[in-house]
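Here's a quick briefing on the model below. Have a look at the fold before reading on.

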Amino acid sequence: MLRLVFGGKSVWFYDYDKNYNPVAADENTVISCRYVKDTLCFFTPTGNKIKIWSALNGDVEKIYMDITPNEISAFDFDYLQKRMIIGDTKGNIALYNTANGAKMKTLTKHAGEVTHLLATQHPESKTDVFITYGLDN
């Protein structure tokens with residue numbers, strides 16, 4: 001049995017059991033929630049895994065376990081939403097296939113935690129552009 005204590009003008013105590021369904025809940029904080037219209041799915045990165053939820057029924061369809069060696073700190077999709085760009089707390093950045101979670105490419109590492117990612121497409125050349133920001137900048 002665990003106890004939560006909330007304080008303010010009054011103090012409240014709540015007891016609870018640490019029972020949760022790992023398919024529907026997680027111990028780590030979800031850093032973002034992104035929707036992919038082609039697959040009708042939501043992607044939620046948490047810890048070092050990504051859960052893919054069906055937008056039609058709310059069920060977890062896939063979980064990419066241990067997709068990164070460290071905790072995910074930044075997440076985005078490429079312009080066509082076919083690749084995930086993931087940064088972690090140790091400065092690693094890589095591209096992963098959205099359909100199966102396979103690592104496709106490793107990008108230049110930051111010396112500190114990756115805090116922001118932006119993936120876009122160059123308007124003239126139609127090439128993908130990835131902008132990353134880390135605590136070393």
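Two strands count as paired if DSSP finds at least two bridges between them. Strands themselves are DSSP runs (E, at least two residues), and helices are runs of H or I with at least four residues, both numbered from the N terminus. With that in hand, I52 stands opposite K62 in strand 6.

This is a predicted model, so local features need pLDDT of at least 70 and side-chain atom pairs count only at pLDDT 80 or more, while totals for chains, interfaces and linings use all residues. Residues are numbered from 1 along each chain as its sequence is written, and side-chain values use heavy atoms, with hydrogens and water left out.

**Overall build**
- The protein has twelve strands and zero helices.
- Along the principal axes, the C-alpha atoms fill a box of roughly 60 × 40 × 30 Å.
- Of the 137 residues, 32% count as buried (under 20% relative accessible area, with exposed being over 50% and partly exposed in between; 1.4 Å probe, protein chains only).

- Four strands make an open sheet in the order 3-4-5-6, with antiparallel pairing.
- Strand 3 (34-36) and strand 6 (60-64) sit at the edges with a single partner strand each, so one side of each has no neighbour in the sheet.
- From one strand to the next, the twist averages 25 degrees (axes are lines fitted to C-alpha atoms, and angles run from 0 to 180 degrees between N-to-C directions).
- Strand 5 (residues 49-54) pairs with strand 6 in the antiparallel sense over four bridges.

**The hairpin of strands 11 and 12**
- Strand 11 (residues 114-121) and strand 12 (residues 128-134) pair in the antiparallel sense over seven bridges.
- H116 stands opposite Y133 in strand 12.
- Six residues lie between the two strands of this hairpin, and K126 in the turn has a positive phi of about 60 degrees.

**Around D76**
- D76 is found in strand 7 (residues 72-77) and is buried, with a relative accessible area of 7%.
- Its side chain makes a polar contact of 2.4 Å with the side chain of R34 (a pair of N or O atoms within 3.5 Å; within protein, one must be able to donate a hydrogen and the other to accept it, and residues adjacent in sequence count only if both atoms are side-chain atoms).
- The D76 side chain also reaches the backbone nitrogen of A119 at 3.1 Å.
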